[in-house]
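Let's take a friendly walk through a protein model, one region at a time. Keep the 3D view open as you read.

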Amino acid sequence: MIDKTFNPQDVEPKLYEAWEKSGRFSCDPLSNKPTYTIMMPPPNVTGSLHVGHALTYTLQDVLIRFKRLCGYDVLWQPGTDHAGIATQMVVERNLEKEGITRHDLGRDDFIKKIWEWKEYSGGEIVRQQRRLGISPDWTRQRFTMDEDLCEAVRKVFVQLYKDGLIYRDKRLVNWDPKFQTAVSDLEVIPQDTKGNMYHIKYPIVGSDETITIATTRPETMLGDTAVAVHPEDERYTHLVGKMIRLPLTGREIPIVADDYCDREKGTGAVKITPAHDFNDFEVGRRHSLPLINIMDTRAHLNDTVPEKYQGLSVAAARKTILADLEEIEILEKIEPVMHAVPFGERSGVEIQPMLTDQWFLDAYKLAQPALEAVRSEKTKFVPEFWNATYFDWLDNIQPWCISRQIWWGHQVPAWFAEDGTIFVAETEEQAYAEARAKLGDTVQLTRDTDVLDTWFSSALWPFSTLGWPQDETLLKRYYPTDVLDTGFDIIFFWVARMMMMGLYFIGDVPFKTVYIHALVRDEKGAKMSKSKGNVIDPLTLIDKFGTDALRFTLSSLAVPGRDLKLGESRVEGGRNFMTKIWNAARFMEMNNCTRQATFVPTTAKLTVNRWIISEMAELASRVYKSIETYRFDDAANDLYRFLWGTFCDFYLEFLKPIFANVDDAEALAEARATASWVLGEFLRIANPIMPFITEKLWEDFGDGGLLLDAVWPSYGRDHADPLYVDLDAKEEMQWLVNLVTELRSRRSEFNVPPSAPTPLGFFDVTPKIEERIRRHEIILKKLGRISELTTTPETPSLQKGEVQFIVGETTIVLPLAGSIDIEAETARLTKEIEAQTKEISTLETRLGNADFISKAKPEIIDEFKERLATAQETKFKIEQALSRLV
């Protein structure tokens with residue numbers, strides 16, 4: 001007995017437990033089935049489920065469940081990332097509440113604390129993932145700090161070092177003064193900030209001339225080692241090669257010519273501080289300028305600056321230096337500006353470009369095979385336009401700073417002798433063996449305290465999780481993987497680096513396809529942020545509407561290359577669809593429709609049944625092809641249109657006269673068997689997107705067992721099996737559907753009350769159509785609310801108040817004069833046209849206002865454009881209706 005309502009909160013935990021206990025989530029390395037593999041992007045162990053996770057896990061699970069149905073041995077590899085800085089920050093905050101710092105504990109005890117935290121709190125996101133109904137191989141769950149993954153990291157580092165691709169160097173990095181570590185570009189957030197542009201006059205040595213530079217960071221002038229001008233800037237050509245006496249320091253620095261300078265920007269002269277600006281660093285390299293680091297790890301000025309400024313913070317130094325510049329009258333002017341200032345994503349403090357000793361990877365050499373792999377289509381991006389982003393980043397790749405000055409993470413496998421000699425090895429024993437062979441038995445080594453960038457170990461994820469380098473059995477079966485689903489923001493940070501490492505160490509690409517999903521925005525198209533208060537919590541949506549409703553909504557909105565606009569109302573619509581499916585099943589149960597094991601669809605006799613079987617076969621094929629080509633939106637929307645429209649609105653309605661006529665036992669039995677078969681097949685192909693409700697109803701309408709064990713129908717794959725498709729039945733029933741749809745549309749258009757049946761006249765009627773009309777007369781009258789039907793082979797002559805439309809080759813006339821007030825309806829439609837005309841004028845005026853366009857946010861402009869298109873379409877439809885009535 002099917003419950004009156006579908007209760008996700010009651011059903012979902014029980015079903016998920018049954019799925020896990022079945023063992024069907026696990027791959028089978030001994031199987032002779034073809035393989036299908038997805039590497040789940042490992043979420044941070046500190047993380048909690050957000051709506052972006054909900055999208056990517058849903059789409060990956062759709063692919064996994066689909067391929068499982070299609071007979072593949074699937075491996076969906078789950079796991080979590082140790083998330084260096086993020087995890088260390090969480091544990092340090094917990095310690096702060098106890099009045100303890102990590103330095104009080106020491107490195108080893110602090111790391112023990114992190115492991116303790118990870119054991120008790122770090123699995124929250126995994127518990128949340130299960131709420132989405134996803135089906136990865138949980139028995140193979142990995143963590144990027146698992147010992148065998150650590151071994152892979154050490155092996156990769158040592159090999160790259162021996163191959164000359166990893167080296168230690170003093171270069172400019174993003175420095176976080178709060179965490180006192182280098183951070184990646186992804187962890188740096190540029191924020192528009194109110195500041196000032198300070199114009200400072202630098203005196204030319206041996207001359208009364210000055211050259212004015214403009215800067216937003218006057219404190220860095222203490223580290224200037226040159227002033228650059230454009231080689232073709234006639235204002236300064238006579239100064240190139242001359243020296244400047246740097247104010248406040250007395251140091252002399254040269255004026256150099258460099259194409260980096262923009263003659264139209266500022267004064268055209270640029271102060272060059274190679275140790276504290278990435279562009280200046282490159283200018284400095286071209287001109288062999290000295291590098292003067294003026295800051296310590298806290299971003300306080302160090303002992304390379306005049307004593308007066310030593311120990312000052314950036315803000316304090318700026319204030320003091322500006323006062324001193326004013327005092328000696330070389331601060332020419334101050335202009336307020338809005339400029340982008342880099343802040344640490346997690347620390348919230350200003351990031352400083354800093355010259356430090358770090359470990360670097362020669363990414364350029366590794367990038368060349370990764371570029372070629374995409375150019376030769378060994379790996380394909382979907383949508384294809386993301387190729388350009390990938391190529392742009394890799395064509396312009398810089399050395400990758402892979403070291404971090406924190407404690408949590410993969411410690412760099414390098415040891416320093418007392419004389420500074422570096423020994424890189426997988427173990428301390430190997431390092432000592434190499435050191436003693438080179439420096440003697442008394443050598444003492446100290447291990448590098450740095451850890452590796454989190455992205456370094458993540459780059460090995462596709463093969464380190466498959467047993468490399470210890471046991472390559474699984475690697476040979478499941479690598480390369482089939483698809484990676486991820487966001488565009490980490491194409492460079494993660495996708496490209498996995499490509500580089502996979503090609504270098506395994507000799508093949510890590511994945512054949514990279515599917516880039518879009519960004520989930522709010523329902524107005526605005527980016528979600530806590531400050532805006534528009535963040536959508538997927539767990540809240542699941543609690544309110546159920547997992548299937550959320551999964552279906554996300555799938556239906558996942559148009560490749562287009563951001564999703566998600567609001568609670570959309571998920572509510574998804575819940576309504578689940579209710580529709582449930583109610584259809586209840587209606588069928590009430591009419592004694594049960595799955596018949598002996599039913600053979602291709603033997604159905606009734607036209608209505610042959611039609612719905614044909615529609616089912618074609619739906620299965622469309623959904624199959626849509627998922628194969630990552631058109632999740634098409635798959636979801638096709639399922640919706642079939643179940644709600646074709647099946648419920650028409651087929652089940654067409655069956656009601658048959659259900660009512662219990663005397664025709666043969667027709668009744670076939671109708672029941674067909675309806676049950678179609679719903680069961682729908683549940684089968686809808687399961688990848690809506691696993692819970694389909695599994696629950698499969699108990700009543702399936703062919704036994706779990707849907708995890710089911711098989712995708714053979715009649716609906718690359719094409720619909722012709723044995724299942726009856727073209728004549730399709731043509732006849734589609735004619736009937738179109739006719740009923742037009743009747744409903746016209747009645748709605750002119751506000752005909754549901755209680756007022758109308759006559760209907762058919763003109764230009766052929767004998768074939770006459771026969772068809774009489775065969776379906778009962779259905780036509782019931783669904784179209786028709787009082788009487790008339791037919792004639794003649795052409796109609798319209799009277800006032802009659803509406804004409806054409807279905808196929810037949811002209812149909814709907815007389816409305818007896819059902820509505822024609823004059824009042826004409827006035828209503830005219831008034832609606834006037835209202836839409838006014839709305840269109842208002843919107844066109846706003847969108848034609850250049851001032852509005854320049855100041856409005858993109859999502860606001862998009863909203864206005866959508867409103868304009870809607871108003872124009874509405875006006876057109878009302879004008880058509882009015883012309884039909886008049």
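## Strands side by side

Two strands count as paired if DSSP finds at least two bridges between them. Keep in mind that the model you are looking at is predicted. With that in hand, look at strand S26 (residues 758-763) and strand S27 (residues 786-791), which pair in the parallel sense over four bridges. Within this pairing, Leu-760 stands opposite Leu-789 in S27. S26 also pairs with strand S29 (residues 810-815), in the antiparallel sense and over three bridges. Here Phe-762 is found opposite Ile-812 in S29.

Four strands form an open sheet with mixed pairing, in the order S27-S26-S29-S28. Which strands stand at the edges? They are S27 and strand S28 (802-807), each with a single partner strand, so one side of each is left without a neighbour in the sheet. From one strand to the next, the twist averages 20°. Helix H25 (residues 767-775) packs on this sheet and touches S26, S27 and S29, and its direction makes about 160° with that of S27. Helix H26 (residues 777-784) packs on the sheet as well, touching S26 and S27, with its direction at about 135° to that of S27.

## A hairpin

For another strand pair, find strand S7 (residues 188-203) and strand S8 (residues 210-215), which run antiparallel and are joined by six bridges. Tyr-202 stands opposite Ile-211 in S8. S7 and S8 form a hairpin, with six residues between the two strands. In the turn, Gly-206 has a positive phi of about 70°.

## Two helices that cross

Two packed helices are described by the angle between their axes and the distance between the axes.

Which residues make the contact? From H21 come Asp-649, Phe-650 and Phe-654, while H24 supplies Met-733, Leu-736, Val-737, Val-740, Thr-741 and Arg-744. Sorted by class, the contact of H21 with H24 has six nonpolar, one polar and two charged residues.

## Inside the protein

In soluble globular proteins, nonpolar side chains tend to be buried together. In this model, the largest nonpolar core has 143 residues. Those with the most contacts inside this core are Ile-581, Trp-611, Phe-647, Phe-654, Phe-682, Met-690 and Phe-762. H21 gives the largest share of the core, 15 residues. Another core, of 63 residues, lies apart from it, and Val-153, Phe-456, Leu-466 and Phe-493 are among its members. Back in the largest core, Met-690 touches Asp-548, Phe-552, Phe-577, Met-578, Ile-581, Leu-639 and Phe-682, not counting residues up to four places away in sequence.

Helix H23 (residues 691-701) is also worth a look: eight of its eleven residues are buried, so H23 is largely enclosed by the rest of the structure. The buried ones are Pro-691, Phe-692, Ile-693, Thr-694, Glu-695, Leu-697, Trp-698 and Phe-701. They pack against helices H1 (8-22), H2 (51-69), H18 (547-557), H19 (568-590) and H22 (665-686).

## A buried alanine

Is Ala-182 buried or exposed? With 0% relative accessibility, Ala-182 counts as buried. Ala-182 lies in strand S6 (residues 181-183). Leaving aside neighbours within four places in sequence, the contacts of Ala-182 include Ile-85, Trp-175, Gln-358, Cys-401 and Arg-404.

## Details of the backbone

Let's finish with some backbone details. The peptide bond from Val-382 to Pro-383 is cis, with omega near -5°, and Pro-383 is in the loop between strand S15 (380-382) and helix H11 (386-395). A cis peptide bond also joins Tyr-479 and Pro-480, where omega is about 0°. Pro-480 has its place in the loop between helix H15 (473-478) and strand S22 (481-487).

Leu-248 is not a glycine, yet has a positive phi of about 75°. At 23% relative accessibility, Leu-248 counts as partly exposed. Glu-329, which is not a glycine either, has a positive phi of about 60°. Glu-329 is exposed, with a relative accessible area of 63%.

Note on methods
Residues are numbered from 1 along each chain as its sequence is written. This is a predicted model: local features need pLDDT of at least 70, side-chain atom pairs count only at pLDDT 80 or more; totals for chains, interfaces and linings use all residues. Side-chain values use heavy atoms; hydrogens and water are left out. Contact means heavy atoms within 4.5 Å. Ala, Val, Leu, Ile, Met, Phe, Trp, Tyr, Cys and Pro count as nonpolar, Asp, Glu, Lys and Arg as charged, and the others, Gly among them, as polar. Axes are lines fitted to C-alpha atoms, for helices over the stretch in contact, and angles run from 0 to 180 degrees between N-to-C directions. Buried means under 20% relative accessible area, exposed over 50%, partly exposed in between (1.4 Å probe, protein chains only). A nonpolar core is a set of buried Ala, Val, Leu, Ile, Met, Phe, Trp, Tyr and Cys residues joined through side-chain atoms within 4.5 Å.
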